[in-house]
Amino acid sequence: MSAAKNINISLQIWRQKNSKEKGKMETYKLNDVSTASSFLEMLDQLNEQLVNERKEPIAFDHDCREGICGMCSLYINGRAHGPDTGITTCQLHMRMFNDGDTIVIEPWRSAAFPVIKDLIVDRTAFDRIQQAGGFVSVNTSGNTIDANTIPVPKDDADKAFEAAACIGCGACVATCKNGSAMLFVGAKVSQYALLPQGKVEATNRVLNMVRQMDEEGFGNCTNTGACEVECPKGISLENIARMNREYLSASLK
Amino acid sequence: MKLDSKIPEGHISQKWTDYKDHLKLVAPNNRPKIDIIVVGTGLAGASAAASFAEMGYNVKAFCYQDSPRRAHSIAAQGGINAAKNYQNDGDSTFRLFYDTIKGGDYRAREANVHRLAEVSGNIIDQCVAQGVPFARDYGGMLDNRSFGGTQVQRTFYAAGQTGQQLLLGAYSSLSRQIGLGKIDMYNRHEMLELVKVDGKARGIIARNLITGEIERHSAHAVIIATGGYGNVYFLSTNAMGSNVTAGWKIHKQGALFANPCYVQIHPTCIPVHGTNQSKLTLMSESLRNSGRIWVPKKKEDAEAIRAGKMKPTQIAEEDRDYYLERKYPAFGNLVPRDVASRAAKEVCDAGHGIEANDTNEGVYLDFSTEIQSKGKQTAYAKGNHNPSQEEILSLGKKWLEEKYGNLFTMYQKITDENPYETPMKIYPAVHYTMGGVWVDYNLQSTIPGCFVAGEANFSDHGANRLGASALMQGLADGYFVLPYTVSDYLSGDIRTGKISTDLPEFVEAEKNVKDSINKFLSNNGTKTVDHFHKRLGLIMWNKVGMGRNEKGLQEAIGEIASLKEEFYKDVYVPGSSDELNPELEKALRVADFIELGQLMAIDALQRKESCGGHFREEYQDAEGETLRDDENFKFVGAWEYKGYDIKNEELHKEELKYEFIKIAARNYK
């Protein structure tokens, strides 16, 4: 383990008052950042400094700080969730940076995710895609059949789980040159396509979710694969292929 | 005020069934005339909102996050309990009920807990029907594992992400209803006041966190499902936005707040690294199935480790104190959370802590024994009966990786240490709050029409909570309790009609909210909100933390009162009210944390006994175990708000009756 030390850094951060006004990059200096701090703790430290200087702090999204809620975003030095793989921004630590570094921080950049303020974007398009069909229509009456009467082969259950592990952070969209949401939608479609419970509504589900995805203004997939590389949960491109197969067979019905 | 728990008569196994049969109903054609507000969209809130909408009511749901899918239920790792007895190890509704009451140190309500155990099986059925991908065995059946405080395998799980999968299940039901137009979803909204009309809950005042607009929303009933208040300590495992504001606002409007001093300290978190730390990260309790907890027996070894002069792997087997296995041979490393946490504090207080921070707080969670045994086992299974030490290590690590890989990676990212090579460092941290708004058997607070569900209420966990039981309570309340009890209440409202938000009560509530916001923005003090929150956290951790005593609690009560005065005088909140303003959001929440913190200390002071997560140092036996006082303290302590000075709050007692379980000292030896 490398012992923690303090470093001084320079930050270039996107500032934008609200969705209507134009934004621009601003430069900030921050000293004595512990390399044991997380990236978001570094931003807390900067905000504390800004508030003490009577300046407006930087707005950024964050919540669980355990890598699971999907709320944190940030394009850091040109990469979604920064210079490490398989993690969200809240899991990125300052030991990845060196004394004297300049770090560039931007919001997710995609037409379907408009900026709300500074580094915060609106990702409700994902919610609307899910509302279009990302569910099994079952009533909560307490009369559902015993769970073990729906056996699921372990391999299918494992694959469904891997698809369901998507945290909806939007890194896939942010990093895609086309602004495509197909990794997210593919993961949702796959989860239900792989399970017997999801089969009944499979046709409508994939047609409706894809239609909604297009209406939200996401781009198309050109198989670049950047989404898979930057996905903090390792969601596989296989899910896009499965969605395409589901979509094709649904379209032919 | 007289507390009426409304626990039905009859045998425990029949109470809920009989009661449900006699609850009043709202006919399907009348449900669209009735509006329900749900605040919070975690397991309890999302499942409740989806259920009400499915029944035909109009639902408005609110969450402060950008999407309901991000509620902090998502972070629960290990699993959810249910008395299915799929493993044929003798599990039953009664055993789950018994374990939960015992785990709660006999300070939970029998009838509520039994109902929870009763519907637990339905929760699994419901979630599977929704497509929640639980772990399966090779026969396609659901898999189970065990958790601290039990001797059966009743925990259903989805790797280390059970909370996420359950929440996404509830979120999918919620999304379906939003898509159908039966739920109006208000993301990035925060409830800042409850509106009462003729003594009944009839709506809320909410702030749109993006535009700053103050909105009035009316309804025939209001459900609060906003989670726990662990962030009163500043550092906790809760999400940064988790807060008590909705619960505290209804408290100020007349809802009693019960057992605020019951806070669960989870034994396996990553220790604090430094003063800029914002958040603590939990390592799943399931790791205790494979890890052995120890500290150096000799203080000089602990000192050498802290100074970086020695590595844990250099400490000989006989110089390690596996203190849980030594003290609790029957349960060993799987003792309940409060017992494991206290034992860790004890060895660190005695100078054996291993973390090189200000407090030296940290113990080892060591996987080397497991690596050896599983490595050898795997080699044998492959037909290699004479494996080299190298082969054993490699196979053992592979075994661990398959089981806990994501947790080990997470630990390494945070600490920069490889837990396959060196033991993990862990220490207890604030995790879950068992106290909350007082509710009766219907989950209704002392304000008619205001219901409270999940972690936000107090009813099911007593003084402590066993692992994998919080997810169970959230979904039980939302899917299977509230739909019945809230309908019973609403049956009186079918002729009420739409409630106008022009009523004077709404006007006044809105004015109060705006006044408090303006007060903060024009305060022009000198210190940040976090400055005060961190100071509150330190008082709470040091004096209302894992061990409490009379002197410390009295000091805390005074210190928090002074902090409150100073906060209102000297806090600086930048920005304006008509825009996205996270500092303002924090200020409004911290104001409530400060008051609740003081009430927690007051509650802890009056409870002159030790139980579960509440350890009063004056009340312990010769071996340092908790000493309950059933004669004088077998009650729920429910507090009534009496104005600005929290010290004036009045205590009401709900006697706890144990008719179906024999109350006994809790023994895990």
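Q: Strands are DSSP runs (E) of at least two residues, numbered from the N terminus. In this predicted model, what makes the place where B:Arg202 lies a strand?

A: B:Arg202 lies in strand E7 of chain B, which covers residues 200–208.

Q: Is B:Arg202 buried or exposed, and how do you know?

A: The relative accessible area of B:Arg202 is 8%. Buried means under 20%, so B:Arg202 is buried.

Q: Why is the pair A:Glu66 and B:Lys279 called a salt bridge?

A: The closest N and O atoms of A:Glu66 and B:Lys279 are 3.0 Å apart. The cut-off is 4 Å between a side-chain nitrogen of Lys or Arg and a carboxyl oxygen of Asp or Glu, so this pair qualifies. Across the interface of chain B and chain A, the rule finds eight salt bridges.

Q: How many residue pairs are in polar contact between chain B and chain A?

A: The count is 45 residue pairs, with both residues at pLDDT 80 or more. On the side of chain B that touches chain A, the helices that each supply at least two residues include H2 (43–55), H5 (162–179) and H16 (582–606). The largest share comes from H5(B), with nine residues. By class, that side has 32 nonpolar, 31 polar and 17 charged residues.

Q: How much area do chain B and chain A bury between them?

A: The size of an interface is often given as the accessible area lost when the parts come together. Here chain B and chain A bury about 6,500 Å², with 51% of it on carbon and sulfur atoms. In chain B, the residues that lose the most area to chain A are B:Arg70, B:Arg136 and B:Lys413, together 11% of what that side buries. The contact takes 80 residues from chain B and 73 from chain A.

Q: Which residues have the most contacts inside the largest nonpolar core?

A: They are A:Phe218, B:Phe52, B:Ile80, B:Phe134 and B:Ile250, in a core of 234 residues. H16(B) gives the most to this core, with 14 residues. Leaving aside neighbours within four places in sequence, B:Phe52 is in contact with residues including B:Ile36, B:Tyr57, B:Leu482 and B:Val486. A second, separate core has 26 residues, among them A:Leu11, A:Phe39, A:Cys90 and A:Met94.

Methods. Residues are numbered from 1 along each chain as its sequence is written. Chains are lettered from A and ligands numbered from 1 in the order in which they are written. This is a predicted model: local features need pLDDT of at least 70, side-chain atom pairs count only at pLDDT 80 or more; totals for chains, interfaces and linings use all residues. Side-chain values use heavy atoms; hydrogens and water are left out. Contact means heavy atoms within 4.5 Å. Buried area is the accessible area (1.4 Å probe) that two parts lose on being put together, summed over both. A polar contact is a pair of N or O atoms within 3.5 Å; within protein, one must be able to donate a hydrogen and the other to accept it, and residues adjacent in sequence count only if both atoms are side-chain atoms. Helices (H or I, at least four residues) and strands (E, at least two) are DSSP runs, numbered from the N terminus. Ala, Val, Leu, Ile, Met, Phe, Trp, Tyr, Cys and Pro count as nonpolar, Asp, Glu, Lys and Arg as charged, and the others, Gly among them, as polar. A nonpolar core is a set of buried Ala, Val, Leu, Ile, Met, Phe, Trp, Tyr and Cys residues joined through side-chain atoms within 4.5 Å. Buried means under 20% relative accessible area, exposed over 50%, partly exposed in between (1.4 Å probe, protein chains only).
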